[in-house]
Amino acid sequence: MTCARVAALGPRFDGRLRVVAVAAGTGHRVVFGAPGAPQADVPDAVAASSAVPGLSARRGSGDRDYVDGGVWSPANLDIAPVGPGTRVLCLVPTAALLAGNRIAVRVLARSWQAAITVEAAGARRRGARVTIIGPDAGSNAAMGADLMDASRREPVARAGFAQGMAAAASPAGAGLCQDADLP
């Protein structure tokens, strides 16, 4: 998503939103929107967090270049400001990654799922109620195997919207998964 498209939505850091990136020069994780974080507006933070090494250019904010926050962790749940009764909603597009027959992708998917499970357990130990949303079958099919295929954006958005509407309409939260339900 381009900065202009994100900006058109009017997002702002209001104390709840956190966007994670990694400082390219140091490898340190940066949590935009958290107290003490470098100044950035939401569109620039999202662009920095979406800069996948080897696939897209580093993105600058202030005097630093940043890359994808997924370099540090697939979910970064450990930085959620949680305590007893806190509710955490974590969107993880790779939670049900279809790996096909590629062994390296299957190994990566399993390691991401393990990391998400550990991070969610940590938030729960601090008293949070954690809900992880991963793609359902329709969203996964729309995404396909190449997560960087820009031609799939609209079908993925439609499938994700349909999944969200189904989850919202269901008292049981159809389309939602807890970390124990990750494939």
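Predicted model: local features only at pLDDT ≥ 70, side-chain atom pairs only at ≥ 80, totals over all residues.
Among contacts in this protein between residues at least 6 apart in sequence, 60% join residues at least 24 apart, a contact being heavy atoms within 4.5 Å. Residues are numbered from 1 along each chain as its sequence is written, and side-chain values use heavy atoms, with hydrogens and water left out.

Let me begin with the overall layout. The protein has 5 helices and 6 strands; these are DSSP runs, H or I of at least four residues for helices and E of at least two for strands, numbered from the N terminus. Their order from the N terminus is α-β-β-α-β-β-β-α-β-α-α. Of the 183 residues, 36% count as buried, where buried means under 20% relative accessible area, exposed over 50%, and partly exposed in between, with a 1.4 Å probe and protein chains only. The protein exposes about 10,500 Å², and carbon and sulfur atoms supply 58% of that area; the areas come from the Shrake-Rupley method with a 1.4 Å probe, and for residues only the protein chains shown count as cover.

I turn now to strand 1. How many of the residues of strand 1 are buried? For residues 19-23 the count is 5 of the 5, so strand 1 is largely enclosed by the rest of the structure. V19, A21 and A23 cover one side, V20 and V22 the other, and all are buried. Strand 1 pairs with strand 2 in the antiparallel sense over 4 bridges; strands count as paired if DSSP finds at least two bridges between them. These two strands form a hairpin with 5 residues between them, and G27 in the turn has a positive phi of about 80°. Strand 1 is also joined to strand 4 by 3 bridges, again antiparallel. V22 takes part in both pairings: R29 stands opposite V22 in strand 2, and V67 is the bridge partner of V22 in strand 4.

The structure holds 1 aromatic pair, meaning rings of Phe, Tyr or Trp (its six-membered ring) with centres within 6.5 Å, where planes under 30 degrees apart count as stacked, over 60 as edge-to-face and the rest as tilted. The pair is F32 with Y66, edge-to-face, at 5.2 Å centre to centre and 75° between the planes. F32 lies in strand 2 and Y66 in strand 4, so the pair ties together parts that are 34 residues apart in sequence. F32 is buried at 0% relative accessible area, and Y66 is buried at 1%.

Next, the charged pairs. There are 4 salt bridges, each a side-chain nitrogen of Lys or Arg within 4 Å of a carboxyl oxygen of Asp or Glu. One of them joins R29 and D78 at 2.8 Å, N to O. R29 lies in strand 2 and D78 in the loop between strand 4 and strand 5, so this pair ties together parts that are 49 residues apart in sequence. Another links R16 with D14, the closest N and O atoms being 2.5 Å apart; R16 counts as exposed at 68% relative accessibility.

Strand 5 runs parallel to strand 6, joined by 5 bridges, with R129 as the bridge partner of R87.
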